[in-house]
Each structure stands twice: as C-alpha cells, then as structure tokens.
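Colleague: I am new to this structure and would like to learn how to read it, feature by feature. Could you take me through it slowly?

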Amino acid sequence: ILEFYPTWPETQEFLRQVQTQVIPNTATLGFEEVSDAVAEIGEQYGRWQNSECFGLHQTLLEHEEHPNTGRIRLGDFYGLAVNHGKFQFSESVSYLRQLGALDESEPSNLRVMIPNWIYGPNNCLASFGYYAVCC
C-alpha cells in the first residue's frame, strides 16, 4: 500500500487518534462504538487531509520556475515523480490541459499552473453526490 499511498502510516495514526478520542476503552468494540468512531473520522478527515494538500502545494512552490509565479516547468513537475518518488505529480499532458492546469503560452517551455493543479479533481480522494474530500 505504501507504493500507492506513501502517507498511509500517517493516515493510520490519524485513525488511531480518532478511535482513542471516541472509544477510550478499546477492550470492547460493539457496532455502536465502531459506528461512532467512523462518523467522527468522517467529520475530522477533511481537515486532517488538508495537511496533505498543503504538503503538495509546498513541494510545488519549492520548485517554482520563478518565485511567486505559481508555475512549475513541466519537466520539473515530472522530475518530482521520477527522481523524488512523488507519484502525485504524474498526470499526462492531455489531462493537465483538460484540467486547465497546463500553461502553453510558450510551447517550448510548458508549465503547470500550481493553483489549477492543486484544486483540480485529480486531488480528490472521495467524491459523492453530496460530499467530496478534495484539496
């Protein structure tokens, strides 16, 4: 699972913390206790997951083409995945274009627009008709 979700250990820790808040005595776990814990996880998860979004944002800003432009060269974007194991930065050019996250104003120097990439559906973990967990 770590290959596909590198922050799994942190996610597990979050889940354990919520479980301990809701069910301090884990000796007995009935349906009601587990149901309460799952409901509380649902309430807290969005705020917790935002830290992952912040981390992605910070990583991209550290590799900006020029400070305060909100853009990263496409090669540097892919380099984060290839050279640094950041699998999240691997969308195809056509998908980045579809997201509206590809700056093609200089065809010889394609760049990814950081805000458009961060807030795109590519960064949604769960999405339902009435509920979404996105950056």
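Colleague: With which side chain does the side chain of Arg-111 make a polar contact?

Modeller: Please keep in mind that this is a predicted model. The side chain of Arg-111 makes its polar contact with the side chain of Glu-65, at 3.2 Å.

Colleague: Is Arg-111 buried or exposed?

Modeller: Buried means under 20% relative accessible area. Arg-111 has a relative accessibility of 9%, and therefore it counts as buried. Leaving aside residues up to four places away in sequence, Arg-111 touches, among others, Arg-71, Ile-72, Arg-73 and Asp-103.

Colleague: In which strand is the place of Arg-111, and what is the order of the strands in the sheet?

Modeller: Arg-111 belongs to strand 3, which covers residues 111-113. The sheet is open and has three strands in the order 1-3-2, with antiparallel pairing, and its edge strands, each pairing on one side only, are strand 1 (71-73) and strand 2 (102-103). Strand 1 and strand 3 are joined over three bridges in the antiparallel sense, and Ile-72 stands opposite Val-112 in strand 3.

Colleague: Which helix lies across these strands?

Modeller: Helix 3 lies across strand 1, strand 2 and strand 3, and it runs at about 80° to strand 1.

Colleague: How many residues has the largest nonpolar core?

Modeller: The largest nonpolar core has 17 residues, and Leu-60, Phe-77, Leu-96 and Trp-117 are those with the most contacts inside it. Two or more residues come from each of helix 2 (31-62), helix 3 (74-84), helix 4 (93-99) and helix 5 (114-118). Apart from this core lies another, of seven residues, including Tyr-5 and Tyr-45.

Methods
Residues are numbered from 1 along each chain as its sequence is written. This is a predicted model: local features need pLDDT of at least 70, side-chain atom pairs count only at pLDDT 80 or more; totals for chains, interfaces and linings use all residues. Side-chain values use heavy atoms; hydrogens and water are left out. A nonpolar core is a set of buried Ala, Val, Leu, Ile, Met, Phe, Trp, Tyr and Cys residues joined through side-chain atoms within 4.5 Å. Buried means under 20% relative accessible area, exposed over 50%, partly exposed in between (1.4 Å probe, protein chains only). Helices (H or I, at least four residues) and strands (E, at least two) are DSSP runs, numbered from the N terminus. A polar contact is a pair of N or O atoms within 3.5 Å; within protein, one must be able to donate a hydrogen and the other to accept it, and residues adjacent in sequence count only if both atoms are side-chain atoms. Contact means heavy atoms within 4.5 Å. Two strands pair if DSSP finds at least two bridges between them. Axes are lines fitted to C-alpha atoms, for helices over the stretch in contact, and angles run from 0 to 180 degrees between N-to-C directions.
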